[in-house]
Amino acid sequence: MLAVLDTWWGGLKGAEGATERALLLPRLYFQHFTTTSFLVERADGEVAAFLVGFLSQTEPETAYVHFVGVDPALHGRGIGRTLYRAFFALARSQGRRYVHCITSPENTASQAFHTRLGFSASEVKPDYDGPGLDRVAFTLDLATEPTASH
Ligand SMILES: CC(C)(COP(=O)(O)OP(=O)(O)OC[C@H]1O[C@@H](n2cnc3c(N)ncnc32)[C@H](O)[C@@H]1OP(=O)(O)O)[C@@H](O)C(=O)NCCC(=O)NCCS
């Protein structure tokens, strides 16, 4: 997964962006969050898409999507939405009501995608993840999400 990040994110924010992204996936995610994460592989075993998520330990009603990516060659085919819907179903089954995630203000594609899925976006939160690391925060209420009755 680390090997595809720069290509898939299109080099967003240059070398600094690459470092930020690489640091988002330390091994602990592949050790302790596998039951709430999804990996889509091609027939040859190459990574096609992933969603890394977890159930909040401190907020019993919250589930959190930490990182999501789809191979650019497969964009626009509903794979991102399918991954989120799988996560929504899992979160509901575990009694969660809200899904939270964040993205960079520069990542306008991510903002459009999350808004399309029904997330509400915050204003840009300056220094949210540390000095110079501004973020937009998204929230979705699973009780009103369109797949709630499915
Ligand atoms: C954002 C991302 C996950 C979307 O995945 P995807 O599989 O292409 O998205 P889907 O095909 O499921 O699209 C779902 C909806 O979002 C919309 N959408 C997706 N990408 C969009 C974009 N760049 N601009 C506008 N709308 C977009 C689709 O049009 C679709 O809406 P529709 O129902 O009206 O057709 C993918 O573009 C990606 O991996 N980007 C690079 C990594 C990244 O930025 N990750 C998120 C931040 S951590």
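Which element supplies the largest share of the lining of the largest pocket? That share, seven residues, comes from β3, a strand in a numbering where helices (H or I, at least four residues) and strands (E, at least two) are DSSP runs counted from the N terminus. The model is predicted, with local features needing pLDDT of at least 70 and side-chain atom pairs pLDDT 80 or more, while totals for chains, interfaces and linings use all residues. Residues are numbered from 1 along each chain as its sequence is written, and side-chain values use heavy atoms, with hydrogens and water left out.

The largest pocket holds about 1100 Å³ of space. A pocket here is an open set of points on a 1 Å grid over the protein atoms alone, where a 1.4 Å probe fits, with protein on both sides within 12 Å along at least five of seven lines; its lining residues have an atom within 4 Å of a point. The volume is the space filled by probe spheres set on the points, which are joined across faces, edges and corners. Among the 42 lining residues, Trp9, Val68, Thr103, Asn107 and Ser110 are the closest to the centre.

The ligand takes up the space of this largest pocket, as more than half of a molecule's atoms must lie within 2 Å of the grid points for it to sit there. Of the 20 residues around the ligand, Val70, Gly78, Arg81, Asn107 and Arg116 come nearest, where near means a heavy atom within 4 Å. In this shell, α5 has the largest share, five residues. A side-chain N or O atom of arginine 116 is 2.5 Å from a ligand oxygen atom.

How values were computed: Polar contact = N/O pair within 3.5 Å; in protein donor to acceptor, adjacent residues only side chain to side chain.
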